[in-house]
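Here are my notes on this model, point by point. Please read them with the structure open.

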Amino acid sequence: MEQLTIALAKGRLGEKALALLERCGVDGPALEEAGRKLGLQDRSGDTRFILVKPSDVPTYVERGVADIGIVGKDTLMEMSSPVYEMLDLGFGGCRLCIAGPQDALSKQEPSANLRVATKYPNVARAYYGARGVHIDIIKLNGSVELGPLVGLSDVILDIVESGRTLKENGMDVLEEVCQISARLIVNRVSLKTKGRRIKPLIEEMKKALEDTP
Ligand code: PRP
């Protein structure tokens, strides 16, 4: 059987993705034995898994190093990678939001651009661009909630899951940008050349999702 390479995000999303793949007949690697290895083989040798930073999953799939990948819609929106987005997998659900102190928007100087701290500069540009609002984007790589607290930004654009991080830092959701969840992405060439492996897997995943209450 031709080998399939699957890019998974390191962490919680990757673990959920692997659980779904195993329900769909993919022989998964023994993660508990993986240690810090980033490339793992299944027991049968038919499937290889690469564990990468969540924001790098689309890059591996776009470049064909991985045939398929599972990644959050937030990352896909930010990267706009030329890959096929085949399925909404339902898990990993959260919201992309504009958040900040409750009075962040009313306190803002009318003449000044809104300062938005975010890991998603392209999403922020598109969201405010569609509303004709000029913003000053401050790209951060994590702990974005600190932005308004230390006066670096007026608001943030970030993912909100439980809302705990916002609450503990005295902030609220001010606007919801969109709902997000994990997506199955496929390399454009692989869908043709390895269709015999990928298409049945997609069908199995669809069935598994229908069976999920
Ligand atoms: C994400 C996100 C928020 C937090 C939201 O950060 O950027 O900070 O989770 O989750 P909550 O609503 O359940 O509190 P992550 O944990 O990925 O770390 P980071 O700040 O380093 O990006």
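1. Start with Ser 81. Its relative accessibility is 13%, so Ser 81 counts as buried; the cut-off for that class is under 20%. Keep in mind that this is a predicted model. Ser 81 sits in the loop between helix 3 (73-79) and strand 5 (84-88). Which residues is Ser 81 in contact with, leaving aside neighbours within four places in sequence? They are Pro 58, Glu 62 and Leu 76.

2. Next, the domains. The assignment gives domain 1 as 4-92 + 181-210 and domain 2 as 94-179. Their centres, taken over C-alpha atoms, are separated by 30 Å. In contact across the boundary are 6 residues of domain 1 and 10 residues of domain 2.

3. Now the interface area. Domain 1 and domain 2 bury about 690 Å² between them. Carbon and sulfur atoms account for 48% of it. On the domain 1 side, Asp 74, Met 77 and Glu 78 supply 72% of the area buried against domain 2, more than any other three residues. The rule finds 1 salt bridge across this interface.

4. Salt bridges overall: the count is 10. One of them pairs Asp 88 with Arg 183, at 3.5 Å from N to O. This pair links distant parts of the chain, with Asp 88 in strand 5 and Arg 183 in strand 11 (residues 182-186), 95 residues apart. Are the two partners buried or exposed? Asp 88 is partly exposed, because its relative accessible area is 41%. Arg 183 is at 12%, so it counts as buried.

5. Helix 8 (residues 195-211) holds Lys 206 and Glu 203, 3 residues apart, about one turn of the helix. They form a salt bridge, with the closest N and O atoms 3.4 Å apart. Lys 206 has a relative accessible area of 34% and is therefore partly exposed. Glu 203, at 42%, is partly exposed too.

6. Lys 207 and Glu 204 also form a salt bridge, at 3.3 Å between the closest N and O atoms. About one helical turn separates them, because they are 3 residues apart in helix 8. Lys 207 is partly exposed at 46%, and Glu 204 is partly exposed at 33%. Elsewhere, salt bridges that share partners join Lys 73, Glu 85, Asp 88 and Arg 183 into one network.

7. Last, the surface. Leu 146, Leu 149, Val 150 and Leu 152 make a nonpolar patch of about 360 Å². Leu 149 belongs to helix 5 (residues 146-149). Its relative accessibility is 45%, so Leu 149 counts as partly exposed.

Terms used
Residues are numbered from 1 along each chain as its sequence is written. This is a predicted model: local features need pLDDT of at least 70, side-chain atom pairs count only at pLDDT 80 or more; totals for chains, interfaces and linings use all residues. Side-chain values use heavy atoms; hydrogens and water are left out. Patches are made of residues with over 30% relative accessible area and no salt bridge: like charges are joined within 9 Å, nonpolar side chains (Val, Leu, Ile, Met, Phe, Trp, Tyr) within 5 Å. Accessible areas come from the Shrake-Rupley method with a 1.4 Å probe; for residues, only the protein chains shown count as cover. A salt bridge is a side-chain nitrogen of Lys or Arg within 4 Å of a carboxyl oxygen of Asp or Glu. Helices (H or I, at least four residues) and strands (E, at least two) are DSSP runs, numbered from the N terminus. Buried means under 20% relative accessible area, exposed over 50%, partly exposed in between (1.4 Å probe, protein chains only). Domain bounds come from an automatic or database domain assignment. Contact means heavy atoms within 4.5 Å. Buried area is the accessible area (1.4 Å probe) that two parts lose on being put together, summed over both.
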